[in-house]
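Subject: Structure handover

Hello,

Here is the structure I said I would pass on. My notes on it come after the coordinates.

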Amino acid sequence: MTTLTPQKPAVPQPGGDITPAPGPRETQDPAWRELVDAVREAGQYPTRSEAESVTRIVLSALGGHVVGDERVDLARALPEEAARVVASQIPATRPLTAAEFVDSVAARIEGATPATARWDVSSVLSVLPPLVGDELVTRVLDQLPPGYALLFGRAELTPVA
């Protein structure tokens with residue numbers, strides 16, 4: 001007989017056996033782990049857990065500011081877990097400047113300052129271009145106010161008048 005806990009619901013197995021469902025860490029897809037590991041390396045976070053938390057916070061903030069086809073395409077290009085984080089956000093009522101965006105992330109991270117939040121945001125957003133493609137990042141940046149390119153690890157180019 002299998003003992004079940006409320007945290008692990010039963011999953012019927014072939015032959016009628018019932019086993020506990022795997023926990024959330026056990027079902028994470030390898031692409032999500034690779035994304036978090038890339039953020040951990042870029043941000044030099046001491047633990048994977050810290051890198052995962054920062055990744056979720058920054059992607060959820062970004063998800064509220066990317067809309068339309070770009071949001072759909074971004075979600076499609078990201079690992080499944082990251083796509084859920086981005087797509088589950090309600091669109092912001094007004095676009096935030098890059099500095100306001102960083103401040104909004106700082107407000108979500110206990111003990112963060114604008115400087116540490118900028119590090120966190122850049123650590124996450126700078127790993128996205130190789131993952132989702134430069135063309136999509138360009139489209140996302142075209143939708144956002146000036147100043148976000150640096151957060152994605154790109155130079156902020158301005159046209160000459």
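Predicted model: local features only at pLDDT ≥ 70, side-chain atom pairs only at ≥ 80, totals over all residues.

Helix pair α3 and α7

Helix α3 spans residues 48-63 and helix α7 spans residues 114-125; the two pack with their axes 9 Å apart, at an angle of about 85 degrees. Angles of 65 to 115 degrees count as roughly perpendicular, and α3 and α7 are therefore roughly perpendicular to each other. On the α3 side, the contact is made by V54, T55, V58, L59 and L62, and on the α7 side by D120, V121, V124 and L125. Sorted by class, seven residues of this contact are nonpolar, one is polar and one is charged.

Nonpolar core

The largest nonpolar core contains 41 residues, and L59, L62, F101, V105, L125 and F152 have the most contacts inside it. Two or more residues each come from α2 (30-43), α3, α5, α6 (98-108), α7, α8 (128-132) and α9 (134-143). Helix α3 gives the largest share, with seven residues. L59, L62 and L125 also belong to the α3 and α7 contact described above. Leaving aside residues up to four places away in sequence, L125 touches V58, L62, F101, L151 and F152. As background, nonpolar side chains in soluble globular proteins tend to be buried together.

Helix α5 and V86

Which residues of α5 are buried? They are E81, A82, A83, V85 and V86. The cover over the buried residues of α5 includes α2, α3 and α4 (68-77).

V86 sits in α5, which covers residues 80-87. Its relative accessible area is 0%, so V86 is buried, the limit being under 20%. Apart from residues up to four places away in sequence, V86 touches L59, G63, R71, L74 and L78. V86 and I57 are 29 residues apart along the chain, and their C-alpha atoms are separated by 9.9 Å.

Among residues beyond four places away in sequence, A77 touches L131, V132 and L136. For A77 and L131, the separation is 54 residues in sequence and 7.4 Å in space, C-alpha to C-alpha.

Regards

Terms used: Residues numbered from 1 in each chain as written. Heavy atoms only, no water. Axes fitted to C-alpha atoms, helices over the stretch in contact; angles between N-to-C directions. Helix = DSSP H or I, 4+ residues; strand = E, 2+ residues; numbered from the N terminus. Parallel < 35°, antiparallel > 145°, perpendicular 65-115°, else oblique. Contact = heavy atoms within 4.5 Å. Nonpolar A, V, L, I, M, F, W, Y, C, P; charged D, E, K, R; others polar. Buried < 20%, exposed > 50% of the residue type's maximum accessible area, 1.4 Å probe, protein only. Core = buried A, V, L, I, M, F, W, Y, C linked by side-chain atoms within 4.5 Å.
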